[in-house]
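Hi there,

My notes follow below it.

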Amino acid sequence: MIIAANLKTNFTRKETNAYIAELDNFVKSNSVSQEVLVFPAPSSLDDNATDIVVGTQNAYPTKEGAFTGELGLVHLEEFSIKTILIGHSERRHIFGETQELLVKKFNFYKDLGFKIVYCVGEPLAKREAGKEEMMEYISAQYEGIDTEYENLIIAYEPVWAIGTGLTPTLEDIEDVHTALKEKSKAPLLYGGSVKVTNAKEVLSLNNVDGILVGSAALYAEHFCSMIQFAQEIENN
Ligand code: PGA
């Protein structure tokens with residue numbers, strides 16, 4: 001399974017390095033065979049000699065150039081970063097990234113062979129509008145995306161569940177995941193208020209191939225427990 005931590009705008013480089021070292025130590029000493037991904041804040045990227053896959057939370061579709069405030073390929077290459085998060089709801093909703101821009105990013109980093117974690121998910125109003133309208137909204141987020149790309153991972157994250165402590169029911173998660181698997185066979189993660197208390201149940205659902213964790217991942221110990229759950233489920 002794939003267990004991913006989105007550290008968002010948290011942890012300095014020093015703190016991030018300590019965090020990654022703690023995860024690395026856990027993964028090695030427990031013979032973990034799960035894929036563990038960590039997305040640090042942009043200025044916390046570094047040379048990490050680790051079994052953990054370190055990715056970037058964002059980058060502009062460019063090698064370099066005049067794009068104030070953005071990272072380009074050269075900044076990722078400096079640290080051998082080959083994994084990127086695209087379409088996270090905070091990028092879509094706080095920073096207004098359009099589907100058109102996301103498709104540009106997707107294609108640029110796909111052509112470079114990056115592992116892409118592509119996020120989709122509906123706001124509360126769409127969920128409340130009923131399944132048909134909700135699925136139409138999510139389907140629009142697949143437009144222009146190569147759903148057969150070999151290094152693609154998709155994350156389903158309901159916007160209203162991110163950082164709120166609210167989650168869909170387990171049945172609802174399984175239901176949406178089953179529908180989304182029809183659109184792409186890529187590994188499908190669930191994200192949105194995954195905690196140490198619900199991770200095991202979520203990871204046990206059909207068509208859930210892993211989790212993308214924000215707030216709860218900031219506690220290395222909690223995140224390691226979630227990695228352990230995935231390992232146990234796969235061992236059984
Ligand atoms: P959360 O964030 O776990 O804090 O809800 C998840 C995410 O934004 O990926």
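This is a predicted model: local features need pLDDT of at least 70, side-chain atom pairs count only at pLDDT 80 or more; totals for chains, interfaces and linings use all residues.

Eight strands form an open sheet, and reading across it you meet β3-β2-β1-β8-β7-β6-β5-β4, with parallel pairing. The edges are taken by β3 (53-54) and β4 (83-86); each has a single partner strand, so one side of each is left without a neighbour in the sheet.

Further in, strand β6 (residues 152-156) runs parallel to strand β7 (residues 188-191), and 3 bridges join them. If you want a pair to click on, A155 has L189 as its bridge partner in β7.

β7 is also worth a look from both sides. In a regular strand, side chains alternate between the two faces of the sheet. Here L188 and Y190 are on one side of β7 and L189 and G191 on the other, and all of them are buried, so both faces of this strand are covered.

Across this part of the sheet lies helix α4 (residues 99-111). It spans β4, β5 (115-120) and β6, and runs at about 160° to β5.

**Two helix pairs**

How do α1 and α9 lie relative to each other? Helix α9 covers residues 220-235, and its axis comes within 10 Å of that of α1, crossing at roughly 30°. Angles under 35 degrees count as roughly parallel, and α1 and α9 are therefore roughly parallel to each other. Their crossing is right-handed. On the α1 side the contact is made by Y19, E22, L23 and F26, and on the α9 side by A220, E221, F223, C224, I227 and Q228. Sorted by class, the residues of this contact are 7 nonpolar, 1 polar and 2 charged.

The other pair is helix α6 (residues 131-140) with helix α7 (residues 170-181). Their axes are 12 Å apart and they pack at an angle of about 50°, so α6 and α7 are oblique to each other. Here too you will find a right-handed crossing, as α6 passes α7. K131, M134, M135 and I138 of α6 meet D175, V176, A179 and L180 of α7. The contact of α6 with α7 holds 6 nonpolar and 2 charged residues, and no polar ones.

**Single residues to look at**

Is K8 buried or exposed? K8 sits in the loop between β1 (2-6) and α1, and its relative accessible area is 19%. Since buried means under 20%, K8 counts as buried. Leaving out residues up to four places away in sequence, K8 touches F39, A41, Q57, H88, E90, I162 and G214.

F11 is found in the loop between β1 and α1 as well. Although F11 is not a glycine, its phi is positive, at about 75°. With 25% relative accessibility, F11 counts as partly exposed.

S80 also has a positive phi without being a glycine, with a value near 55°. You will find S80 in the loop between α2 (73-77) and β4, where it is exposed, with a relative accessible area of 59%.

K14 lies in helix α1 (residues 13-29), and at 71% relative accessibility it counts as exposed. For a sense of scale, the C-alpha atoms of K14 and G192 are separated by 27 Å, and the two residues are 178 residues apart along the chain.

Finally, there is H93 in helix α3 (residues 89-93). H93 is partly exposed, with a relative accessible area of 41%. Which residues does H93 contact, leaving aside its neighbours within four places in sequence? They are Y137 and V159. H93 and V159 are 66 residues apart in sequence, while their C-alpha atoms are 9.1 Å apart in space.

Best wishes

Conventions. Residues are numbered from 1 along each chain as its sequence is written. Side-chain values use heavy atoms; hydrogens and water are left out. Axes are lines fitted to C-alpha atoms, for helices over the stretch in contact, and angles run from 0 to 180 degrees between N-to-C directions. Helices (H or I, at least four residues) and strands (E, at least two) are DSSP runs, numbered from the N terminus. Angles under 35 degrees count as roughly parallel, over 145 as roughly antiparallel, 65 to 115 as roughly perpendicular and the rest as oblique. A crossing is left-handed if the near helix is turned anticlockwise from the far one by less than a right angle, and right-handed if clockwise. Contact means heavy atoms within 4.5 Å. Ala, Val, Leu, Ile, Met, Phe, Trp, Tyr, Cys and Pro count as nonpolar, Asp, Glu, Lys and Arg as charged, and the others, Gly among them, as polar. Two strands pair if DSSP finds at least two bridges between them. Buried means under 20% relative accessible area, exposed over 50%, partly exposed in between (1.4 Å probe, protein chains only).
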